[in-house]
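Please take a moment to look over the sequence and the model, and then follow the paragraphs below, which move from aromatic rings to charged side chains and on to the strands.

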Amino acid sequence: MQAKKRYLILLSAGASLILLFCFGGIQVPLSRRGPGRRDDHSLTGYHPGARWRRLQGYLKVFSTWEKDHDFHEDISPRQKRDSNSGLFTGRRCRMESCFNFSLCERNGFKVYVYPQQKGEKLSESYQNILSSIEGSRFHTPDPAKACLFVLSLDTLDRDQLSPQYVHNLKAKIQSLPLWNEGRNHIIFNLYSGTWPDYTEDLGFDIGFAMLAKASISTENFRPNFDVSVPLFSKDHPRTGGERGFLKHNTIPPYRKYMLVFKGKRYLTGIGSDTRNALYHVHNSEDVVLLTTCKHGKDWQKHKDVRCDKDNIEYDKYDYREMLYNSTFCLVPRGRRLGSFRFLEALQAACVPVMLSNGWELPFSEIINWNTAAVIGDERLLLQIPSTVRSIHQDKILSLRQQTQFLWEAYFNSLEKIVLTTLEIIQDRVLLHASRSSLMWNSLPGGLFTLPQYSTNLGDFPFYYAKLDEHQLKLPCCNKVLPCVCIVQVIVLWNSDKPLPAKHRWPVTSAPISVIEGESKVINSRFLPYNTIPTDAVLSLDEDTVLSTTEVDFAFTVWQSFPDRIVGYPARSHFWDSNKERWGYTSKWTNDYSMVLTGAAIYHKYYHYLYTTYLPASLRTMVDQMSNCEDILMNFLVSSVTKLPPVKVTQKKQYKETMMGQSSRASRWADPDHFAQRQTCMNKFANWFGTMPLIHSQMRMDPVLFKDQVSILRKKYRDIERL
């Protein structure tokens with residue numbers, strides 16, 4: 001009897017299953033392959049069992065595949081990103097699909113900033129971003145000439161609890177006549193989302209606009225379209241910026257601490273897991289990881305058993321002292337993926353140890369972060385101390401040096417962060433003239449290596465040591481003077497007088513080319529003339545008198561320092577504490593910071609950089625005064641190289657000789673000339689945001705110079721007689 005009951009129960013259950021199956025209540029997929037495979041349907045509008053719906057009266061299925069199934073476990077981050085439909089319309093955008101390249105064809109890469117709307121307030125940081133763009137060579141006031149557009153509406157802080165949050169941003173943006181669904185627009189953002197989940201939703205649909213965003217995840221980052229930028233504080237300088245704190249290399253490169261961190265600990269919510277676990281590896285000796293839960297209004301209501309002890313330990317250490325005396329600095333995620341600790345570690349030459357899974361690192365498109373940071377895994381926190389201890393000291397030194405280069409090249413000012421963002425986009429637009437990885441990741445960096453000049457490394461003065469052979473362009477030349485290799489003589493005729501007749505020019509075996517300056521301005525001496533065939537340019541004023549021996553020796557020295565200005569007349573700068581301004585001096589002292597271009601050799605690339613990189617306002621000021629062009633060139637070259645010029649031996653009476661040889665009253669005798677140069681020093685320093693000039697006490701003399709040996713044994717014997 002009991003057996004019959006069991007059979008009836010099994011029969012009823014089987015019949016019920018068959019009925020459910022027939023009416024769509026149970027759906028059986030034909031394959032175990034996930035939706036990310038090639039031969040499966042796309043995710044949009046698809047769910048299992050769709051191929052079995054043949055009956056007209058099947059039961060409606062209220063759940064979808066996306067809602068009821070955790071398919072993210074078996075697919076890649078890119079598939080996650082593409083399937084995420086909650087952020088914005090253009091989540092699958094790439095340059096080739098959402099950017100209108102035709103806007104850039106006529107006028108090149110130009111950026112238009114919308115005029116500020118009446119009544120709209122901007123945060124100081126966003127105002128600095130707009131000012132940096134408007135002061136750059138990319139800016140155009142004409143939207144018809146623009147390739148890229150930047151909003152004048154503050155989008156930096158999209159946390160609804162923030163006082164900087166801009167309300168009704170969606171309606172304001174949609175009303176812009178040039179918005180065009182966001183095409184060819186870039187939106188800058190530092191903070192998005194709010195308590196408790198801190199999502200990356202900006203609160204409005206960005207359409208097809210690019211994002212320059214801090215703390216962006218690899219899941220939502222659109223490669224070759226968005227730009228990941230660092231999280232910076234409101235006190236980050238707009239221009240200039242401090243240099244890195246690595247003043248000299250120590251061998252071995254170890255400091256007092258091996259690994260440090262000091263910051264907030266979150267007791268609950270997103271970002272709390274990693275920081276809550278740091279105490280497991282803290283040893284109070286060389287691994288010092290300090291957290292405090294003493295933040296926020298209600299911290300005492302939520303504190304745990306470790307809070308009081310952690311707070312006491314936290315107050316014992318000074319953060320700056322730890323930062324500057326540690327080999328590695330832990331950079332764990334906070335509420336968001338990015339952290340202020342990242343830039344702080346870079347500046348302090350403390351190698352960042354990243355613990356923020358899924359963070360698209362700043363400028364990851366161009367920077368190889370494996371050469372400047374240690375990329376860790378939050379899930380392997382306990383292995384971090386042993387990992388950093390195993391890194392060889394040579395590697396540590398290399399990592400530390402690279403932190404300083406990256407900090408000074410791309411991160412130490414807001415202007416550099418903005419310009420790097422624009423240069424990355426320009427490289428995408430002008431793909432045929434884009435920078436190589438070597439240009440971005442080695443001195444002097446991508447901002448000073450302009451691919452519009454050349455994409456060949458050998459055409460720049462910075463990469464000779466990295467090339468297979470010394471590739472200075474020194475073509476076979478005519479030795480028109482003893483020991484001096486002259487390829488071409490170029491005379492820039494800026495005089496109002498007519499050119500002399502041909503028979504009055506000297507006869508030389510090197511061709512003489514005369515360029516008549518149309519505008520007759522002093523900056524024309526630094527124009528990038530196509531007639532210059534060699535890398536080395538010997539720049540001479542009309543009243544300069546140098547012997548062939550002096551020129552030959554200067555050229556020999558320059559071949560060892562092709563990225564610097566090498567020459568004879570030296571000048572210096574100083575800080576006048578009484579007037580609180582920079583001063584200029586021509587006195588003979590024990591150091592110098594400038595070599596004037598009236599008698600100097602430098603690389604011809606600096607002609608292009610001077611004309612293209614420097615703003616028109618500075619060049620116009622120089623032209624109006626007919627003065628200071630040599631100072632401005634020294635500012636530029638020192639800013640690029642972070643090195644002083646090189647002075648070579650010369651006759652002491654250089655200045656007096658020049659003044660005596662001139663057929664007219666020399667400008668050196670003009671009393672206003674010196675006062676103008678003082679003014680120039682401060683105007684230039686203000687634009688650069690810092691004083692780039694560097695003092696040097698080095699002078700290059702020929703071997704055997706002034707030695708008590710026979711004069712016949714000396715190659716440059718004539719220099720001693722001058």
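Rings of Phe, Tyr and Trp, the last represented by its six-membered ring, are taken as a pair if their centres lie within 6.5 Å. In this predicted model, the count by this rule comes to 35 aromatic pairs. One of them joins phenylalanine 405 and tyrosine 410, whose ring centres are 6.1 Å apart and whose planes stand at 75°, so the pair is edge-to-face. Phenylalanine 405 and tyrosine 410 are both buried. Another pair is made by tyrosine 605 and tyrosine 608, where the centres are 6.4 Å apart and the planes lie at 25°, so this pair is stacked. Tyrosine 605 and tyrosine 608 are three residues apart in helix 17 (residues 605–612), and therefore about one helical turn separates them. Both of these residues, tyrosine 605 and tyrosine 608, are buried as well. They also belong to a cluster in which ring pairs link Tyr453, Phe460, Phe462, Tyr463, Tyr605, Tyr606 and Tyr608.

Rings can also be looked at together with charges. The charged end of lysine 262 sits over the ring of tyrosine 314, at 4.5 Å from the ring's centre, and arginine 341 lies over the face of tyrosine 319, at 5.0 Å from the ring centre.

From here we turn to pairs of charges. Side chains of opposite charge can pair when their charged atoms come close. How many salt bridges does a search of the whole structure find? The search finds 20 of them. Among them is the salt bridge between the side chains of aspartate 226 and arginine 222, with 2.7 Å from N to O, and both aspartate 226 and arginine 222 are buried. Aspartate 427 forms a salt bridge with arginine 435, in which the closest N and O atoms are 2.8 Å apart, and here too aspartate 427 and arginine 435 are buried.

Arginine 677 lies in helix 21 (residues 671–688) and aspartate 630 in helix 19 (residues 629–641), so the pair ties together parts that are 47 residues apart in sequence. Are these two residues buried or exposed? Arginine 677 has a relative accessible area of 1%, so this residue counts as buried, and aspartate 630, with a relative accessible area of 2%, is buried too.

Strand 19 (residues 570–576) and strand 20 (residues 581–585) run antiparallel and are joined by five bridges. Within this pairing, tryptophan 575 stands opposite tryptophan 582, which belongs to strand 20. Strand 19 and strand 20 form a hairpin with four residues between them, and in the turn glutamate 580 has a positive phi of about 55°.

Val489, Leu499, Ile512 and Val514 make a nonpolar surface patch of about 240 Å². Of these residues, isoleucine 512 is found in strand 16 (residues 512–516), and because its relative accessibility is 30%, isoleucine 512 counts as partly exposed.

Definitions and conventions: Residues are numbered from 1 along each chain as its sequence is written. This is a predicted model: local features need pLDDT of at least 70, side-chain atom pairs count only at pLDDT 80 or more; totals for chains, interfaces and linings use all residues. Side-chain values use heavy atoms; hydrogens and water are left out. A salt bridge is a side-chain nitrogen of Lys or Arg within 4 Å of a carboxyl oxygen of Asp or Glu. Buried means under 20% relative accessible area, exposed over 50%, partly exposed in between (1.4 Å probe, protein chains only). Helices (H or I, at least four residues) and strands (E, at least two) are DSSP runs, numbered from the N terminus. Rings of Phe, Tyr and Trp (its six-membered ring) pair if their centres lie within 6.5 Å; planes under 30 degrees apart count as stacked, over 60 as edge-to-face and the rest as tilted. A charge sits over a ring if NZ of Lys or CZ of Arg is within 6 Å of the ring centre and within 35 degrees of the ring normal. Patches are made of residues with over 30% relative accessible area and no salt bridge: like charges are joined within 9 Å, nonpolar side chains (Val, Leu, Ile, Met, Phe, Trp, Tyr) within 5 Å. Accessible areas come from the Shrake-Rupley method with a 1.4 Å probe; for residues, only the protein chains shown count as cover. Two strands pair if DSSP finds at least two bridges between them.
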